[in-house]
Amino acid sequence: MKTFLLTFLFMIGLTVVHGQEKMQFSILGGYEHFKNEAQNKTTGYGIGCEFKYYLLKTLYAVGNFHTGINSEFLPRTAIAEVGEVDFSMRWKTYEYKGGIGIGNDLYCKKAHKIYVQSTFGLSKTKQSVPQIENYRPSVQMCNENIHFLKYALSASLGYNYRIGKSYIVGLDYTGWWIIGAAYRSTCTVSYTHLRAHETDSYLV
């Protein structure tokens, strides 16, 4: 039940945007999918930030930074000298991804906006992988720590809907390709508060 509630809260996420007409700074939080054959659980959580600067009416430069977290306890049973023993193995993954790139508002009409963007940068991954050293006389565990730095590509598709004069709700999907290592995907629901001088510029 706790996992379900945490997943629900993180999927709601949060985006806070403020700045001038050409600039936006966002704080993001949401669900992240981790593909790992060694684990049963692939759900994780992500937080990050994003900066946009509009070069033209719909074209903008973008920089993003994202932290993904995945942790799982997996119960196991082993036969040791003392008999049947229950124990747990824990996998942990922390990823720090960031890049710069370009984006474009594909569709802007009244309260609706659809955008795409892509970035190129780096990803640093820290993994803790459990290892069983010995079953006799009891289960002895250790952790193998794995660290690597890779190039990373991200691609995003998002939709925003303006409610009233000052509020926007939206949905964003981002895929991260950690080159030569893994693929991750995030999904966030966003909330944006527009200040008075930004409301007119939102409508194209």
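User: Start with F120. How does it count, buried or exposed or in between?

Analyst: This is a predicted model. In it, F120 counts as partly exposed, because its relative accessibility is 42% and the in-between class runs from 20% to 50%.

User: What does the F120 ring pair with, and how?

Analyst: The partner is Y151. The ring centres are 5.5 Å apart and the planes meet at 20°, so the pair is stacked. Stacked here needs planes under 30 degrees apart.

User: Where do F120 and Y151 lie?

Analyst: F120 is in strand β5, residues 112-134. Y151 is in strand β6, residues 140-163. The pair therefore ties together parts that are 31 residues apart in sequence.

User: How many aromatic pairs are there?

Analyst: The count is two aromatic pairs. Y54 with Y60 is one of them, and that pair is tilted. Their centres are 5.1 Å apart, with 50° between the planes.

User: Are Y54 and Y60 buried or exposed?

Analyst: Y54 counts as buried, at 10% relative accessibility. Y60 is buried too, with a relative accessible area of 0%. Buried means under 20%, so both values qualify.

User: New topic. Which charges sit over rings?

Analyst: K52 is one, lying over the face of Y115 at 4.1 Å from the ring centre. Another is K97, whose charged end sits over the ring of W176, 5.6 Å from its centre.

User: Stay on K97. What does it form a salt bridge with?

Analyst: K97 bridges to E95. The closest N and O atoms are 3.2 Å apart.

User: And how accessible are K97 and E95?

Analyst: K97 is buried, at 0% relative accessible area. E95 is buried as well, with a relative accessible area of 0%.

User: What else does E95 bridge to?

Analyst: R184 forms a salt bridge with E95, and there the closest N and O atoms are 2.7 Å apart. R184 lies in strand β8, residues 182-193, and E95 in strand β4, residues 83-109. So that bridge ties together parts that are 89 residues apart in sequence. Both R184 and E95 are buried.

User: How many salt bridges does the structure hold?

Analyst: Five. Among them is D105 with K113, where the closest N and O atoms are 3.7 Å apart.

User: D105 and K113: buried or exposed?

Analyst: D105 is buried, at 4% relative accessible area. K113 is buried at 8%.

User: Zoom out. How many helices and strands?

Analyst: Two helices and eight strands. From the N terminus, the order is α-β-β-β-β-β-β-β-β-α.

User: What share of the protein is buried?

Analyst: Buried residues make up 38% of the 204 residues.

User: And the accessible surface? What does it come to?

Analyst: About 11,800 Å². Carbon and sulfur atoms hold 62% of that surface.

User: Last one. What share of the contacts join residues at least 24 apart in sequence?

Analyst: The share is 56%, among contacts between residues at least 6 apart in sequence.

Technical notes:
Residues are numbered from 1 along each chain as its sequence is written. This is a predicted model: local features need pLDDT of at least 70, side-chain atom pairs count only at pLDDT 80 or more; totals for chains, interfaces and linings use all residues. Side-chain values use heavy atoms; hydrogens and water are left out. Rings of Phe, Tyr and Trp (its six-membered ring) pair if their centres lie within 6.5 Å; planes under 30 degrees apart count as stacked, over 60 as edge-to-face and the rest as tilted. Buried means under 20% relative accessible area, exposed over 50%, partly exposed in between (1.4 Å probe, protein chains only). Helices (H or I, at least four residues) and strands (E, at least two) are DSSP runs, numbered from the N terminus. A charge sits over a ring if NZ of Lys or CZ of Arg is within 6 Å of the ring centre and within 35 degrees of the ring normal. A salt bridge is a side-chain nitrogen of Lys or Arg within 4 Å of a carboxyl oxygen of Asp or Glu. Contact means heavy atoms within 4.5 Å. Accessible areas come from the Shrake-Rupley method with a 1.4 Å probe; for residues, only the protein chains shown count as cover.
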